[in-house]
Amino acid sequence: MQANIAKARIKKIMQADEDIGKIAMAVPLLVSKALELFLQDLCDRTYEITLKKGAKTLNSLHLKQCVQSFHVFDFLKDTVSRVPDLGASDAAAEDRSAAKRRKISEDEEDGNDDESKKARVVS
Amino acid sequence: MEPMDIVGKTKEDASLPKATMTKIIKEMLPPDVRVARDAQDLLIECCVEFINLVSSESNEVCNREERKTIAPEHVLKALQDLGFGEYNEEVFAAYEQHKLETMDTVRTGKWSNGADMSEEEALVEQQRMFAEARARMNGGPMIPKPADSDSCPSLNS
């Protein structure tokens, strides 16, 4: 496993933000480690959904549902929003719940706990 | 100053090396699991978003303390504020390890940054990047950056 995920690239991404000024030399290393842990969490939790659906291939829809299931991933909502709710492998089962999920996504801004619970229940 | 800094930097220009990330993602999952191509790309985008998120928050912590340079402790506080505080133990451990390795460099004079490259390879890589930058400045074609670990301290200032 890579010890450090592309520290120089991380620094570049950080500094692409105009608001960001100087960065201490060790900082990209810390961000790299945090990123590694984050990515592992994201993969693990997405894969749980993949398993639950009996799929062998992890796809974008699983990732989208994962993001919708955990508040700590709220910042990723925009990133996954363009993933269509239909069109993944098990489309048949998705059809009914997809409409509900699409509606939930639109209402998601409130961070309504009941609605996000609904999203988690759908499998 | 890295050669790539000479080229105009937009958020789109700065992404993570795709091949490296693909490999990492594969290693994070059980061996028999396949990842759809669009999911790969999406995961990488999520990573970039994470970096942006942590950067912004770290920057805010830094500003609140009226400091000019984002420091490690700002990152740790940011992670906590964002709900990723459980990472802090390992992140801090990595930081401590890095400090030890940096001390070794000073003491023994060896290039020990934990990277895969030897000093010779790192110098070659550096020369190559300077050559690319020169070519770009002379109006040469854009040479795509290969996927690599990019972890040489001397290029990081």
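B:Asp41 is partly exposed, with a relative accessible area of 29%. This residue belongs to a predicted model, and its side chain meets that of B:Lys18 in a salt bridge, with 3.0 Å from N to O. The pair links distant parts of the chain, since B:Lys18 sits in helix 1 of chain B and B:Asp41 in helix 2 of chain B, 23 residues apart. B:Lys18 has a relative accessibility of 45% and therefore also counts as partly exposed.

**Salt bridges**

Over all chains, the structure holds 13 salt bridges. Four of them are set out below, including the pair just described.

| Salt bridge | Closest N to O distance |
|---|---|
| A:Lys33 and A:Glu36 | 3.3 Å |
| B:Glu45 and A:Arg82 | 2.8 Å |

B:Glu27 and B:Lys23 are both in helix 1 of chain B, four residues apart, which is about one turn of the helix. B:Glu27 is partly exposed at 38% relative accessibility, and B:Lys23 is partly exposed at 48%.

A:Lys33 and A:Glu36 share helix 2 of chain A and stand three residues apart, again about one turn of the helix.

In chain B, B:Glu65, B:Arg67 and B:Glu73 are linked in a network of salt bridges.

**The two chains**

Chain A contains six helices and two strands. Along its sequence the pattern is α-β-α-β-α-α-α-α. Chain A has 123 residues, and 57% of them count as buried. For contacts in chain A with a separation of 6 or more, 42% are between residues 24 or more positions apart. The accessible surface of this chain is about 5,800 Å², and carbon and sulfur atoms account for 48% of that area.

Chain B contains five helices and two strands, in the order α-β-α-β-α-α-α from the N terminus. Of its 157 residues, 41% are buried. Among contacts in chain B between residues at least 6 apart in sequence, those joining residues at least 24 apart make up 49%. Chain B exposes about 9,100 Å², with 54% supplied by carbon and sulfur atoms.

**The interface**

Together, chain B and chain A bury about 5,700 Å² between them, and 70% of this lies on carbon and sulfur atoms. The contact involves 66 residues from chain B and 52 residues from chain A.

How many salt bridges cross the interface of chain B and chain A? There is one, formed by B:Glu45 and A:Arg82 with their closest N and O atoms 2.8 Å apart. Eleven residue pairs, with both residues at pLDDT 80 or more, are in polar contact across this interface. On the side of chain B that touches chain A, at least two residues each come from helix 1, strand 1 (34-35), helix 2, strand 2 (69-70), helix 3 and helix 4 of chain B. Helix 2 of chain B gives the most to that side, with 17 residues.

**The nonpolar core**

The largest nonpolar core has 59 residues, of which A:Leu35, A:Phe38, A:Leu39, A:Leu42, B:Leu16 and B:Phe50 touch the most other members. From chain A, the elements that give two or more residues to this core are helix 1 (7-15), helix 2 (27-52) and helix 3 (60-69); from chain B they are helix 1 (18-28), helix 2 (37-64), helix 3 (72-81) and helix 4 (88-108). Helix 2 of chain A gives the most to this core, with twelve residues.

Which residues does A:Leu39 contact, leaving aside its neighbours within four places in sequence? A:Leu39 is in contact with B:Met21, B:Ile24, B:Ile25, B:Met28, B:Leu43 and B:Cys47.

**Two exposed glutamates of chain B**

B:Glu66 is located in the loop between helix 2 and strand 2 of chain B. Its phi is near 55°, a positive value in a residue other than glycine. Its relative accessibility is 72%, above the 50% limit, so B:Glu66 counts as exposed.

B:Glu89 lies in helix 4 of chain B and counts as exposed because its relative accessibility is 70%. The C-alpha atoms of B:Glu89 and B:Leu76 are separated by 9.4 Å, the two residues being 13 apart along the chain.

Definitions and conventions. Residues numbered from 1 in each chain as written. Chains lettered and ligands numbered in written order. Heavy atoms only, no water. Buried < 20%, exposed > 50% of the residue type's maximum accessible area, 1.4 Å probe, protein only. Contact = heavy atoms within 4.5 Å. Areas by Shrake-Rupley, 256 points an atom, 1.4 Å probe, with all protein chains shown as cover. Core = buried A, V, L, I, M, F, W, Y, C linked by side-chain atoms within 4.5 Å. Buried area = accessible area lost by both parts, 1.4 Å probe. Salt bridge = Lys/Arg side-chain N within 4 Å of Asp/Glu carboxyl O. Polar contact = N/O pair within 3.5 Å; in protein donor to acceptor, adjacent residues only side chain to side chain.
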